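Dear colleague,

Please find below the structure that I am handing over to you. I would ask you to look through it before reading the notes that come after it.

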Amino acid sequence: MSPDFRAPAASLARARRVVVLTGAGVSAESGIRTFRDTMEGLWKEFDAQKLATPEAFAADPETVTRWYDWRRLGCLAADPNPGHLALAQMEDWLAASGRDFTLLTQNVDRLHQKAGSRNVVELHGSIIEWRCTRTGQKLIPPEQAFDQFPPHSPFAERALLRPDVVWFGEPLPAAALAAAAHAVDSCDLFISVGTSSQVYPAAGFAELALHQGGEVIEVNPQQTPLTRMATWSLRGPSGEVLPMLLDEARKAHV
Ligand code: OAD
């Protein structure tokens, strides 16, 4: 064990209320592409303004829904990696000693739930669910490609289905935001995993945690705007770092 892990692991071992925020990086080792990485980031190859905004959907619903359906099928085919599994184990371990754990995720892939995480707040919605553009009713489409693009809504005439994700320019779901604010407000440890810390409001949560006296661990192979503020920055892939951190915390917990 690298000595770098001892202090953050001790913080996890003594924490009473833990909040974890995850971003696309936690799913990278499951083969799901991130958004901003220099080589494989989705926003290097695709134009977010043409795909991930309400305006793009209004202008070209066929292209937008084809792109989201392609990503949906990729998420359905993916398996959780050791990073997701370590977070599910962390929740069980903390719960067993009456401690609080909240997992805030910007990811829409549902891999945390597939790994067994229970208290998950989906800040940016989910690509696995779609909703009616007219009534807002949701459904989980079958695990195969839609047979028409854009897909028609079964809930209302002349309405479409759209992915239940948050697009640029749209507000985050109010209930998710309230749950996140509540958890961050009272946490004594905040762990930021695999996010570039560039998209707000999620990017501001670590700072809020620090302001109210919490400690912050960052897990990321790269530096981010959070790195200089974090109490500890653990440089490496989450599939390696999170199992090591949990292991060391378990040893330190008495
Ligand atoms: P980004 O693509 O912006 O950042 C991914 C982060 O993961 C980077 O900081 C990488 O260094 C890091 N990373 C890469 N591989 C990793 C690994 N194996 N382990 C740990 N970290 C790794 O993704 P997000 O920060 O999630 O929003 O992006 C936030 C939001 O912007 C997304 O939810 C999405 C996007 O546009 C919407 O679509 C609204």
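This is a predicted model: local features need pLDDT of at least 70, side-chain atom pairs count only at pLDDT 80 or more; totals for chains, interfaces and linings use all residues.

Residues are numbered from 1 along each chain as its sequence is written, and side-chain values use heavy atoms, with hydrogens and water left out.

The ligand is surrounded by 23 residues, each with a heavy atom within 4 Å of it. The closest are Phe 35, Arg 36, Thr 195, Ser 196 and Asn 220. By class, this shell holds nine nonpolar, 11 polar and three charged residues (Ala, Val, Leu, Ile, Met, Phe, Trp, Tyr, Cys and Pro count as nonpolar, Asp, Glu, Lys and Arg as charged, and the others, Gly among them, as polar).

An N or O atom in the side chain of Asn 220 is 2.7 Å from an oxygen atom of the ligand, and a polar side-chain atom of Trp 43 lies 2.8 Å from a ligand oxygen atom. At Ser 238, a backbone N or O atom lies 2.9 Å from a nitrogen atom of the ligand. Taken alone, the ligand exposes 790 Å², of which the protein buries 93% (Shrake-Rupley method, 1.4 Å probe).

Two cis peptide bonds should be noted. One joins Phe 149 and Pro 150, with omega of about -10°; Pro 150 lies in the loop between strand 5 (138–139) and strand 6 (161–165). Another joins Tyr 200 and Pro 201, with omega of about 10°, and Pro 201 is in the loop between strand 7 (189–193) and helix 10 (205–211). Helices (H or I, at least four residues) and strands (E, at least two) are DSSP runs, numbered from the N terminus.

Most residues other than glycine have a negative phi, and most peptide bonds are trans.

Which of these two residues is buried and which is exposed? Arg 158 is exposed, with a relative accessible area of 74%, whereas Ser 197 is buried, at 9% (buried means under 20%, exposed over 50%, partly exposed in between; 1.4 Å probe, protein chains only).

Yours sincerely

Notes
A polar contact is a pair of N or O atoms within 3.5 Å; within protein, one must be able to donate a hydrogen and the other to accept it, and residues adjacent in sequence count only if both atoms are side-chain atoms.
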